[in-house]
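Please read it alongside the sequence and the coordinates.

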Amino acid sequence: MFDVVVIGSGPAGYVAAIRASQLGFKTLCIEESIDDDGKPNLGGTCLNVGCIPSKALLDSSHKYYQAKKNLSVHGVQIDKLKLDLDAMMSRKDEIVSQLTGGISGLFKANKVESITGRGKVISKNVIEITKPDGSKENIDAKNIIIATGSKPIEIKAAPFSKNIVDSTGALSFKKVPKKLGVVGAGIIGLELGSVWSRLGSNVTVLEALDDFLPMTDPDISKDSLKEFKKQGLDILLGSMVTSTKDMKDSVKLSYTKEDNEIEMEFDKLIVAVGRSSNSENILNDDLGVSIKNGLIEVDEYCQTSVSNIWAVGDVVRGPMLAHKGSEEGIMVAERIAEKHTEVNYDLVPSVIYTHPEIAWVGKNENELKESGIDYNVGKFPFAANGRALAVSESIGFVKLLSDKKTDAILGVHVFGPSAADIVQQALISMEFGASAEDISLTMFSHPTVSEALHEAALASNNQAIHIGNKK
Ligand code: FAD
Ligand code: NAD
């Protein structure tokens, strides 16, 4: 009998397993994906085909693009620049192996047992494991944590095939497609569209909605759309893909825009229209755990209606983000140990790793307007930040929103250099209940791009030093 059995080894599952074992529980992690040696392929979407390989390619392609377009302003001339896509892909694959192998090491060091197979909860305390050879084994568990993650959504208008791929396929093209179509101007569409555009593809992004990145602050939505178009991404809003045909060496696509039917042809098409949770066939129906819109229903502590069965990460409500899943995994392990750990769902940071980066935490201006809260806006452009100018990264801004009455920081939105790190600084201060004045009275190193956060806080109370204040 195990104290804790975790199903799935992504960032939600493996972190839950390690924490559970640290807390003294006899812990097993079940993973269905296997590597070439028949061992569990740990790390889930994030490490294998998500966060890590996409960031490896974003970084490599950025370096190539910089060398091609932007280094000459620094006085660095490169005469014979050449792209070695195989080397770029090998680097990405090595990083993935290093990190997934690292999880096996962490499991050993933390005494977490792992097993290959597909797990299914068949009763309150029993999990059936279907092994890769088809044999079955039942495991007894006092507590069960479901962390089975998510998979790309496939749409009828563009079923996956040789040239119509999901995000996983788009991380391993063998050559740079001349003409690349992307369905969905969401996070994956923009990140992977940017990778291939920087490497030389002519990229068209088709987005069904009329709004661009509607979850971001309206200023970010507006400015980033302009910037990405300038970088060469042809982003077509209000464009609904109606059909596609894989022609062996190309893809024919039809979409409608304002009642017009338009045809395009691409070498490859990436479909990135969201992800759906892996909640099917994970729990026996008679357990009574409810699944709504594909998500396993849990309370704020990730507990299902069966008290010893928990679910974390992409398989439950909330943003599909690795860090959100990991924090839920830790919370659940600690709750099993009867601690009172919570996740602060109001402060989940989001980052889009384009260049410039987009990052935010808390409420944006649209949300504050909707909720009728009176707020101050402090905005500081990187064009007025010394360090940003020194490194030729002066596009974008920091925008800080604070409560008009209490001065509490309600949201921070950054489009520009080190956006994720600047937002993280803001998030830590928000966790401690900081006001805009608290940030204003904090000393920031000079010259850093973080000073833009300082100035945005000052600007929210009309005290900015390096830009004009509102009269
Ligand atoms: P997953 O990582 O999906 O892991 C679930 C695991 O469970 C898998 O290994 C699966 O094989 C296993 N499993 C499923 N069913 C069973 C079963 N029945 N039995 C046994 N095992 C099973 N998020 C970020 O925060 N930052 C990023 O930069 C980022 N970039 C991304 C880029 C891409 C291209 C993609 C696709 C996603 C990205 N994400 C990013 C999202 C992130 O990858 C997910 O939010 C995260 O991986 C979810 O973690 P999880 O543990 O819930 O599930
Ligand atoms: P998404 O929800 O971010 O974007 C999907 C986009 O596709 C939306 O804009 C939607 O309006 C559009 N769309 C939906 N159906 C369409 C259709 N038929 N035609 C045209 N457009 C259509 O989803 P995603 O980009 O696939 O990413 C999935 C999730 O993975 C993200 O929501 C995020 O949680 C996670 N992720 C995070 C990161 C990160 O943190 N940097 C990176 C990649 C992925």
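1. A crossing is called right-handed if the near helix is turned clockwise from the far one by less than a right angle, and left-handed if anticlockwise. In this predicted model, H1 passes H8 in a right-handed crossing. The contact is formed by Val15, Ala16, Arg19 and Ala20 on the H1 side, and by Ser326, Gly329, Ile330, Ala333 and Glu334 on the H8 side. By class, these residues comprise 5 nonpolar, 2 polar and 2 charged.

2. As to geometry, helix H1 spans residues 13–22 and helix H8 residues 322–336. Their axes lie 8 Å apart, and the packing angle is about 30 degrees. H1 is therefore roughly parallel to H8, since angles under 35 degrees count as such.

3. A second pair consists of helix H3 (residues 51–70) and helix H6 (residues 187–198), whose axes come within 9 Å and cross at roughly 35 degrees. Here the crossing of H3 past H6 is left-handed. H3 contributes Ser54, Lys55, Leu57, Leu58, Ser61, His62, Tyr64 and Tyr65 to the contact, while H6 contributes Glu191, Leu192, Ser194, Val195 and Arg198. The residues of this contact divide into 6 nonpolar, 4 polar and 3 charged.

4. How many disulfides does a search of the whole structure find? The search returns 0. Cys302 is in no disulfide, and the nearest cysteine sulfur, that of Cys29, is 16 Å away.

5. Is Cys302 buried or exposed? With a relative accessibility of 0%, Cys302 counts as buried. Cys51, by contrast, is partly exposed, because its relative accessible area is 28%.

Definitions and conventions:
Residues are numbered from 1 along each chain as its sequence is written. Chains are lettered from A and ligands numbered from 1 in the order in which they are written. This is a predicted model: local features need pLDDT of at least 70, side-chain atom pairs count only at pLDDT 80 or more; totals for chains, interfaces and linings use all residues. Side-chain values use heavy atoms; hydrogens and water are left out. Axes are lines fitted to C-alpha atoms, for helices over the stretch in contact, and angles run from 0 to 180 degrees between N-to-C directions. Helices (H or I, at least four residues) and strands (E, at least two) are DSSP runs, numbered from the N terminus. Angles under 35 degrees count as roughly parallel, over 145 as roughly antiparallel, 65 to 115 as roughly perpendicular and the rest as oblique. Contact means heavy atoms within 4.5 Å. Ala, Val, Leu, Ile, Met, Phe, Trp, Tyr, Cys and Pro count as nonpolar, Asp, Glu, Lys and Arg as charged, and the others, Gly among them, as polar. A disulfide is a pair of cysteine sulfur atoms within 2.5 Å. Buried means under 20% relative accessible area, exposed over 50%, partly exposed in between (1.4 Å probe, protein chains only).
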